[in-house]
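Have the sequence handy as you read.

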Amino acid sequence: MKSKILKVAQVFHTLKYLRFEQFYFRFFYRFKKPNASLVVVTLSKCLWNWTGPAIYNQSIFDESSVRFLSLDGTVNSLQSWNDPAKEKLWLYNLHYFDDLNSSDFAKREQIHFNFINKWIIENPACIGNGWEAYPLSLRLVNWIKWLSKKHNVEQKHLNSLLQQANALSQQLEYHILGNHLFANAKALTFVGCFILNGQAEKYLELGLKLLDREIPEQFLADGGHFELSPMYHEILLWDLLELIDLANTSQNDKLLKRLPYWRKVATQALNWLKTMIHPDGEVSFFNDSAIGIAATPQQIFEYSSFLKLDLVDNLPNLITHKESGYSRISTPLYSLIIDHANVGPDYLPGHAHADTLSFELSIGTERVFVNSGTSLYGVSKERLRQRKTAAHNTVVVDDEDSSEVWSGFRVARRAYSKLLKVKQNADEIFLEAQHDGYKRLKGKVTHTRAFTAGENKVQIKDQLSGQVSQACAFFHIHPDVEVQPIDEKTVRLITKNKVEVLVNSHCNIQILDSTYHPKFGISINNKRLKMDLVENQLNTVVSISEEK
């Protein structure tokens with residue numbers, strides 16, 4: 001009975017944050033299914049060719065062999081498109097057709113042509129994964145970019161595009177919102193700019209109406225995407241860059257009217273991204289983030305340069321993003337990224353982790369302290385473990401998470417953060433932040449963390465207020481870093497470049513086994529340090545010096 005009561009409370013604290021439209025459309029779509037019969041009409045396409053960058057890795061290898069998320073598969077029957085033995089995300093990737101815009105797509109033109117025809121034949125309208133709104137959105141854009149390069153486009157392909165857009169327009173993801181609804185809007189905009197038809201023009205109007213609503217909401221004043229995941233920021237920024245490119249390429253008056261605003265938002269988003277990447281050129285791992293899903297930062301910056309968008313050249317020593325809740329401290333020796341953010345929009349925390357007040361640190365171009373990353377979606381125990389507080393560089397109180405993550409994409413009661421103080425002088429930078437995620441516990445606990453960053457030293461002070469039975473901090477170490485115990489309170493770390501790092505705590509340090517997940521489908525053994533707080537306090541000093 002107690003577990004049932006707790007489950008009901010968990011569901012209540014999840015649902016209470018949702019918007020009315022999320023409830024309404026979830027209920028509406030349960031009973032109103034899309035119906036998009038194929039209407040054969042004479043269609044024509046706009047006379048423009050997509051010349052934007054093709055960045056994806058190869059994922060289709062022949063008429064039946066594919067690879068997504070580091071897992072091989074075979075498409076050799078009607079059932080392959082909806083194989084229950086495959087993960088939902090893998091099947092979604094099968095329907096995206098990203099390979100049409102991979103770096104060497106031209107080598108597989110006939111394979112792509114046959115694969116498109118196979119999809120049309122084997123995926124009847126509105127049945128299966130491929131007709132759900134999100135894969136519809138990504139496939140429509142990929143097909144249009146590929147077809148725009150052809151001198152002649154078969155009517156069956158244009159008819160299929162219009163049929164798919166019709167299905168998408170009937171199930172726009174108002175029940176999810178966020179990056180999903182943005183993808184829907186982008187796809188309808190591409191359709192309306194590509195097909196010369198009255199129905200396609202209506203899809204253009206709908207797509208632009210959604211973009212007018214979503215861009216101001218999803219991109220915050222400091223440039224960050226409001227779901228607060230560096231990976232999803234990359235995805236949405238790339239979408240925005242492609243919309244800018246579409247306006248330039250198609251010369252559609254309705255897009256050109258919006259172009260100055262889109263460019264302004266994209267410029268802010270580019271500068272935000274620059275602050276959230278490590279010196280190795282890849283994103284930090286806060287919330288759902290991994291390498292290899294989105295365009296790389298370098299690809300994004302190169303694309304922005306092609307589009308003639310301005311980018312800040314050099315970062316100052318201290319950058320604080322108050323709206324999104326991240327700060328970066330940079331010295332000639334190291335880069336420190338700090339999370340004092342909330343979990344994201346209250347109505348959309350699906351990609352949030354319980355990582356409040358965590359941090360990541362690189363020395364030179366090498367990552368040293370890392371959050372654990374993301375290797376899978378779904379509702380497995382491993383998915384939940386990767387979202388929990390203990391998988392991040394922060395403090396766990398009484399074996400609870402700072403935000404109540406559960407299932408695959410759910411958050412019940414969640415932490416709210418506050419940036420308390422930021423101070424900079426010639427010798428050091430001080431930043432202090434606090435969150436109330438543990439106030440729901442019996443002891444009404446608040447976690448305050450202060451960073452003091454000097455030239456070659458970072459001091460991290462954790463303080464808990466309220467009644468605590470036990471609490472500990474975890475510091476996760478990159479797999480390439482060697483971990484050597486010195487004494488009970490000191491650990492030496494040695495990077496591949498032979499930089500020595502001493503971690504000293506006023507409490508005992510335990511070295512534990514863990515796993516690191518830089519990409520989907522990848523799990524690498526690593527180490528993590530565990531330090532129990534004494535009298536609700538922990539003082540940790542990270543000292544950096546090159547090994548002789």
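What follows looks at a helix, a loop residue and a strand in turn.

Keep in mind that this is a predicted model. Let's start with helix H4, which covers residues 109-122. Its 14 residues reach 20 Å from the first C-alpha to the last, close to the 20 Å expected at 1.5 Å a residue. Quite a few side chains here are tucked away: Ile111, His112, Phe115, Ile116, Asn117, Lys118 and Trp119 are buried. The cover over those buried H4 residues includes strand S2 (65-68), along with helices H3 (88-96), H5 (133-147) and H6 (155-169).

Next up is glutamate 173, sitting in the loop between H6 and helix H7 (178-194). Glutamate 173 is buried, yet it has no salt bridge. Where is the nearest side chain of opposite charge? That's arginine 26, 8.5 Å away. Leaving aside residues up to four places away in sequence, glutamate 173 touches Ala133, Tyr134, His180, Leu181 and Asn184.

Now for strand S17 (residues 471-477). Seven of its seven residues are buried, so S17 is largely enclosed by the rest of the structure. Ala471, Ala473, Phe475 and Ile477 point one way, while Cys472, Phe474 and His476 point the other.

| Strand paired with S17 | Bridges | Direction |
|---|---|---|
| S10 (residues 395-397) | Three bridges | Antiparallel |
| S22 (residues 524-532) | Six bridges | Antiparallel |

To find these pairings on screen, look for valine 396, whose bridge partner in S17 is cysteine 472. For S22, the bridge partner of phenylalanine 475 is leucine 529.

Technical notes:
Residues numbered from 1 in each chain as written. Predicted model: local features only at pLDDT ≥ 70, side-chain atom pairs only at ≥ 80, totals over all residues. Heavy atoms only, no water. Helix = DSSP H or I, 4+ residues; strand = E, 2+ residues; numbered from the N terminus. Expected span 1.5 Å × (residues − 1). Buried < 20%, exposed > 50% of the residue type's maximum accessible area, 1.4 Å probe, protein only. Contact = heavy atoms within 4.5 Å. Lys, Arg positive; Asp, Glu negative; His and termini not counted. Salt bridge = Lys/Arg side-chain N within 4 Å of Asp/Glu carboxyl O. Pairing = 2+ DSSP bridges.
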